[in-house]
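Biologist: I'm new to this one. Can you walk me through the ligand site?
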Amino acid sequence: MGFEQRLRASLTQRQEQGLYRQRLTLDSAQGPVVRMQGRDYLNFCSNDYLGLAAHPRLVESFQRAAAQYGVGSGASHLVCGHSRPHHELEEALAEMTGRPRALLFSSGYAANTGTLTSLLQPGDNVFQDRLNHASLLDGGLHSGARFRRFAHNDVADLDAKLAAVEGSGLVVVDGVFSMDGDSAPLGELAALCRRQDAWLMVDDAHGFGVMGESGAGSVQAAGMGIKEVPVLMATLGKALGTGGAFVAGDDYLIEGLIQQARNYIYTTALAPALAAATLTSLAILREEAWRRNHLVTLIQRFRDGANQLGLPLMASNSAIQPLKVGDATQATAMSQTLRERGLLIGAIRPPTVPSGTSRLRITLSAAHSPQQVDRLLEELALCQKQSI
Ligand SMILES: *Cc1c(COP(=O)(O)O)cnc(C)c1O
């Protein structure tokens, strides 16, 4: 079959199965309210958990750094693209996560695939939670290591799988699972890794900035450090409101990545101004603990209200509060109805989630007001009544 025919066939099939993906085009900055084609929408699908993406202080530091360092970084980090703001951000991230070093990547996808393909070799074993982010799965598959998935958050299943292999083992989990919102049992996983002599890597894309006493993430919230979790990765495009990602750990881990990670070496460095803006995000995290506290209040408010309405909540304490729908076409229809009513909520369907578990992925932000959460609940109740 020719390329054109094959592409057309697969597009038709996606359409028929309710799996066709379409982009929205926003005419405004991120925020609790966004604008599209002249209409305002209440936004419950962004990962801007702390409301920082369009914060005036971030915009100002971005502009100031752009005036000094220009817009493009000009080259990869190892050629001449590594500038002072990048370096200072790496030092600040290392300090915040209580680790000797941190290394910036252009995206979380690159950080995960680069780290796993550098760390792992044929003959090693990598164990991944079934619900890990696609970038972790891809990195593990490309690494050449033996690849095993274990049942979601099932420490006993992982234990049995670890016991059955020889050679070095790396266990990889999301700190907070991106489509379910629940957390990995980091304490139990770390204890198991210690017993089985395996390394633990945590992708904290959805915990960093939000979880933990100072916002240092899921590992901090679990009272653990570099000994229990030697490889910590997190992204900067979610709670921190900017973009890019980092890996933090010991000096030999970071130097190893600088020498070997192809996704680090062969790509242009982030814009220096983005690094400068991220330094401001870190300052706001330190100064404004109210953002994390307010988010926790909103999460509780949403869960209490949804429980009263009998909505199909999932077991999540994070800003990600999915409502299970099941059928992909129905999830898409509900998302569409809510959009017509002025609310943006993404329908998440296979292959992002297992078949039969399509859902509305609701995300809350510290920028939302309690009234906006109440409006969300009212609309969901209405939507539920119509779909019965
Ligand atoms: C978003 C996300 C990534 C990818 O990060 P990007 O910076 O968007 O490439 C990786 N892991 C998890 C768990 C994520 O949610």
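Modeller: First, a term. Strands here are DSSP runs of at least two residues, numbered from the N terminus. Also, this is a predicted model.

Biologist: Good. Where is Lys238 found?
Modeller: Lys238 sits in the loop between strand S8 (231-235) and strand S9 (245-249).

Biologist: Is Lys238 buried or exposed?
Modeller: Lys238 is buried, because its relative accessible area is 17% and the cut-off for buried is under 20%.

Biologist: What does Lys238 touch?
Modeller: Leaving out residues up to four places away in sequence, Lys238 touches Asn47, Asp48, Tyr49, Ala205 and His206.

Biologist: Which UniProt annotation covers Lys238?
Modeller: An unreviewed UniProt entry lists "modified residue: N6-(pyridoxal phosphate)lysine" there.

Biologist: Now the ligand. How many residues surround the ligand?
Modeller: There are 13. The closest are Gly108, Tyr109, Asp203, His206 and Lys238.

Biologist: And how do the residues of that shell divide?
Modeller: Two are nonpolar, eight polar and three charged.

Biologist: Which helix gives the most to the shell?
Modeller: Helix H5, residues 108-119. H5 supplies three residues.

Biologist: What about polar atoms? Start with Asp203.
Modeller: Asp203 has a polar side-chain atom 2.5 Å from a nitrogen atom of the ligand. For His206, a polar side-chain atom lies 2.5 Å from a ligand oxygen atom. His133 has a side-chain N or O atom 3.4 Å from a nitrogen atom of the ligand.

Biologist: How much of the ligand's accessible area does the protein cover?
Modeller: The protein covers 81% of the 380 Å² that the ligand has on its own.

Key
Residues numbered from 1 in each chain as written. Predicted model: local features only at pLDDT ≥ 70, side-chain atom pairs only at ≥ 80, totals over all residues. Heavy atoms only, no water. Near = heavy atom within 4 Å. Polar contact = N/O pair within 3.5 Å; in protein donor to acceptor, adjacent residues only side chain to side chain. Areas by Shrake-Rupley, 256 points an atom, 1.4 Å probe, with all protein chains shown as cover. Helix = DSSP H or I, 4+ residues; strand = E, 2+ residues; numbered from the N terminus. Nonpolar A, V, L, I, M, F, W, Y, C, P; charged D, E, K, R; others polar. UniProt positions renumbered as here; feature names shortened; annotations may be inferred. Buried < 20%, exposed > 50% of the residue type's maximum accessible area, 1.4 Å probe, protein only. Contact = heavy atoms within 4.5 Å.
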